[in-house]
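Thanks for passing this one along. Here are my notes, point by point, to read with the model open beside you.

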Amino acid sequence: MKIHEYQAKELFAAYDIPVKKQILCHTADEAVDAYSRLNVPLVVLKAQVLTGGRGKAGGIKLADSPEKVKANAEAILGIKIKDIPVDRILVTEAADIKKEYYMSIVVDRNTKSALLMLSSDGGIDIEEVAHSTPERIYKFQIDPLLGTPDFFTRKVAFSLFTDIKLINQLSHIIKSLYKLMLETDASLAEINPLVLTPDDTLVAVDAKMTFDDNALYRQPQIATLFEPTVEEKKEKEAKAKGFSYVHLGGEIGCMVNGAGLAMATMDLIKRYRGKPANFLDIGGSSNSEKVVHAMKLLLQDSDVKVVLINIFGGITRCDDVANGLLKAFEQIDTDIPVVVRLTGTNEELGRALLKDSKLYVANTMSEATRMAVNLALKTY
């Protein structure tokens, strides 16, 4: 679960992590009033959307007068960032920046602990830093049994600073951020940039947090902050119908029975240079209604060019699955090609039932995947 910057900063402030004064606004007039209330010479207007790339998309602007605040607010509220409309902006006191740094704590499932990352190259190009010069990002495992004692946070702080004043400040921020992460069941807590001001004060001028969905039942206050994206709404809808669905952004929609088979299907699509649009496990059922719901879910994605249905018939018989598919496609009208691979119990009978349908029928998983990729590329 993601939350907005202004919400993350409110949590930061509650845990004594230094942030600038801020006011959330929904209109340009509200932004002008916020500028007056903040009573500072320079403010930053920041689009509040659950995605990155705001600065490059024109979603962050400076203003030093009521007229500029209004004009910039109107400009930001009128745009979309990665297809997400901006319906609110954060007006916050601008920071005088001497140097930018990067800091984050993320759950590391490989070591079953939290991973602290620091870099002296903070800012909008941190992804490029990670890609081109990964050695400039310092990584420290946080022992879950020890947490963040003074000796650890001070040692970590020395990777960025030598001034004891800054070391003490960063040590405090690390402790506070880790405590916030633990107590809210966050999976990521990020400050980018962590700014050093001319008076040698560290301030978090941006904030990003995500939370473990499976822990929301014990975090009622965090759960109230949930604003599902379009894809998260799809995932919730799928879960209500008994599916496991994750959007991936490719062009080959996948409908598979079994999580392991679904993972293998996506791997094979990538091997043949295709891009899976989703992970969708419909479970072990030949119910035609379930197939209809799954197909409708896949077809909501405008990027899907081909649907690949990969079914292994164990307890579920392939002829039952085939009959379910035929009944389902009597209710679905689509020009998108659908590739079906059936294998397992009564597979020959199942394929025979689909022979005269408009579906593309494959005998093997490899054949079905190649067929789907070629159809997506319009080379079949």
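Which element gives the most to the lining of the second largest pocket?

1. **Ground rules.** This is a predicted model, where local features need pLDDT of at least 70, side-chain atom pairs count only at pLDDT 80 or more, and totals for chains, interfaces and linings use all residues. Residues are numbered from 1 along each chain as its sequence is written, and side-chain values use heavy atoms, with hydrogens and water left out.

2. **Overall build.** The chain has 13 helices and 18 strands; these are DSSP runs numbered from the N terminus, helices being H or I with at least four residues and strands E with at least two. The C-alpha trace spans about 75 × 50 × 40 Å along its principal axes. Domain 1 covers 21-93, domain 2 covers 99-225 and domain 3 covers 230-378, with bounds from an automatic or database domain assignment. Between the C-alpha centres of domain 1 and domain 2 there are 26 Å. Of the 380 residues, 49% count as buried (under 20% relative accessible area; exposed is over 50%, partly exposed in between, with a 1.4 Å probe and protein chains only). Taking contacts (heavy atoms within 4.5 Å) between residues at least 6 apart in sequence, 67% join residues at least 24 apart.

3. **The second largest pocket.** Helix H6 gives the most to this lining, with three residues. The pocket holds about 310 Å³ of space, and among its 17 lining residues the closest to its centre are Val107, Ser113, Met181, Leu182 and Ala186. At least two lining residues each come from strand E7 (99-108), strand E8 (113-119), helix H6 (164-184) and strand E10. By class, the lining has nine nonpolar, two polar and six charged residues. For the classes, Ala, Val, Leu, Ile, Met, Phe, Trp, Tyr, Cys and Pro are nonpolar, Asp, Glu, Lys and Arg are charged, and the others, Gly among them, are polar. A pocket here is an open set of points on a 1 Å grid over the protein atoms alone, where a 1.4 Å probe fits, with protein on both sides within 12 Å along at least five of seven lines; lining residues have an atom within 4 Å of a point. Points are joined across faces, edges and corners, and the volume is the space filled by probe spheres set on them.

4. Valine 203 sits in strand E11 (residues 202-204) and is buried at 7% relative accessible area. Leaving aside neighbours within four places in sequence, valine 203 is in contact with residues including Pro18, Val19, Lys20 and Pro193.

5. **Backbone angles to check.** Most residues other than glycine have a negative phi, and most peptide bonds are trans. Aspartate 83 has a positive phi of about 70°; aspartate 83 lies in the loop between strand E4 (80-81) and strand E5 (84-85) and is exposed at 70% relative accessibility. Arginine 273 also has a positive phi of about 70°; its loop runs between helix H9 (259-271) and strand E15 (278-281), and its relative accessibility of 74% counts as exposed.

6. **Cysteines.** There are zero disulfides (pairs of cysteine sulfur atoms within 2.5 Å). Cysteine 254 is buried at 3% relative accessible area, and cysteine 25 is buried at 1%.
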